[in-house]
Amino acid sequence: MATPVQKVFQSAYKLFSRVTVGSSSFNEHLREVTVLASKLTATDVNFSFHDDPETQRQVEQGNVAPAVYVHLWEDRVLSMGIFVVRQGCRIPLHNHPDMHGICKVIQGTVRVNSFTPMSPVGLDIPKHISQNAKQSLLPLLRKKEQSQFSPVTTHSSITLTKDDPACVLSPSAGNIHEMVSVDGPVAFIDILAPPYDHTTGERVCQYYQENSSEDGTSNSSNGQVHWFRCVPPPNSFWCDTMDYTGPSLNIP
Ligand SMILES: [Fe+2]
């Protein structure tokens, strides 16, 4: 009988390899995968994470990686792994270009701040922003079009523990996020489909920094519009790796 993690993997694999993205059956199947992923526990992947006090001290001094990645699977269809964000650390703002993501916390607590990119010319301004606000935003958007800053809107800011269901990001909604550990290390299972592709450059992880010294365009009255600029991968962020010791995975 398939193990819980194998069930999630196979269900996700069938979805992302066989079903057309955006079709009604895709959305239905995505919900099923999310329900299955929501049941995953640390025990299902034989995982637990603890840092001793000395390691934690080294983390705080920047001598030890703020994150750890446990590889479960990667091919052209999807990647699946366990991310750990150590105590007091974060995965900085980054995107998932043209990708879906499913994230299920299995240990600890994470704060996820998600943002949705807006079109540089303002055509994709979310519906919840009023018409008047849209009109006043357009000149700013056009001005910004030539600059290094891109407008995003707040998608959500949520705190997740192992008791919460898996969260989903789509190629558009909530596609940029940062993940911050809360009160200790946090571990979550991460499925990305299709995976990043830094070899061909087709799907490169882009990091962002919020422009905090802007001229009032990020005001709350316009529906929480923020301006992000692309930055190189931050030197303060890198990943250790750990071996996976859970049940094996097989393609369906
Ligand atoms: Fe991410």
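Exposed residues Ser24, Ser25, Glu28 and Arg31 sit on the face of helix 2 that is turned away from its buried side. A residue is buried with 20 or more other C-beta atoms within 10 Å of its own, exposed with 12 or fewer, and partly exposed in between, C-beta atoms being placed from the backbone. Helices (H or I, at least four residues) and strands (E, at least two) are DSSP runs, numbered from the N terminus.

The model is predicted: local features need pLDDT of at least 70, side-chain atom pairs count only at pLDDT 80 or more, and totals for chains, interfaces and linings use all residues. Residues are numbered from 1 along each chain as its sequence is written.

**Exercise 1. Describe the buried side of helix 2 and what covers it.**

Step 1. Check the geometry. Helix 2 has 15 residues and spans 21 Å from first to last C-alpha, close to the 21 Å expected at 1.5 Å a residue. The expected span is 1.5 Å times one less than the number of residues.

Step 2. List the buried residues. In helix 2 they are Leu30, Val33, Thr34, Leu36 and Ala37.

Step 3. An α-helix has 3.6 residues a turn, so residues three or four places apart point the same way.

Step 4. Find the cover. Helix 1, strand 4 and strand 6 (167-169) are among the elements over the buried residues of helix 2.

**Exercise 2. Trace the largest nonpolar core.**

Step 1. Define it. A nonpolar core is a set of buried Ala, Val, Leu, Ile, Met, Phe, Trp, Tyr and Cys residues joined through C-beta atoms within 7 Å.

Step 2. Size it. The largest core has 40 residues, and Val8, Ala12, Val33, Leu78, Val110 and Phe188 have the most contacts inside it.

Step 3. Assign the suppliers. At least two residues each come from helix 1 (4-18), helix 2 (24-38), strand 1 (67-74), strand 2 (79-85), strand 4 (100-117) and strand 7 (176-193). Strand 7 gives the most, with eight residues.

Step 4. Zoom in on one member. Beyond four places in sequence, Val33 touches Val8, Ser11, Ala12, Leu15 and Ile102. A contact here means C-beta atoms, placed from the backbone, within 7 Å.

Step 5. Look elsewhere. A second, separate core has nine residues, among them Phe115, Met118, Trp227 and Phe228.

**Exercise 3. Follow the pairing from strand 4 to strand 5 and on to strand 9.**

Step 1. Strand 4 pairs antiparallel with strand 5 (149-161) over nine bridges. Pairing requires at least two DSSP bridges.

Step 2. Thr116 stands opposite Thr153 of strand 5.

Step 3. Strand 5 also pairs antiparallel with strand 9 (225-231), over five bridges. Phe149 has Arg229 of strand 9 as its bridge partner.

Step 4. Inspect Thr109, a residue of strand 4. Thr109 is partly exposed, because it has 18 C-beta neighbours inside 10 Å. Thr109 touches Thr159, Thr161, Val182, Asp183 and Val186, leaving out residues up to four places away.

**Exercise 4. Which backbone features stand out in the loops?**

Step 1. Ala193 and Pro194 are joined by a cis peptide bond, with omega about -15°. Pro194 lies in the loop between strand 7 and strand 8 (207-210).

Step 2. Asn46 has a positive phi near 50° without being glycine. Asn46 lies between helix 2 and helix 3 (53-60), and is exposed, with 11 other C-beta atoms within 10 Å.

Step 3. Asp98, also not a glycine, has a positive phi of about 60°. Asp98 sits between strand 3 (90-94) and strand 4.

**Exercise 5. Judge the confidence of the model.**

Step 1. pLDDT is the predictor's confidence in each residue, from 0 to 100. The chain averages 88, and 84% of the residues score at least 70.

Step 2. Residues 213-223 stay under 50, and the model gives them 15 contacts beyond four places in sequence.

How values were computed:
Two residues are in contact if their C-beta atoms, placed from the backbone, lie within 7 Å.
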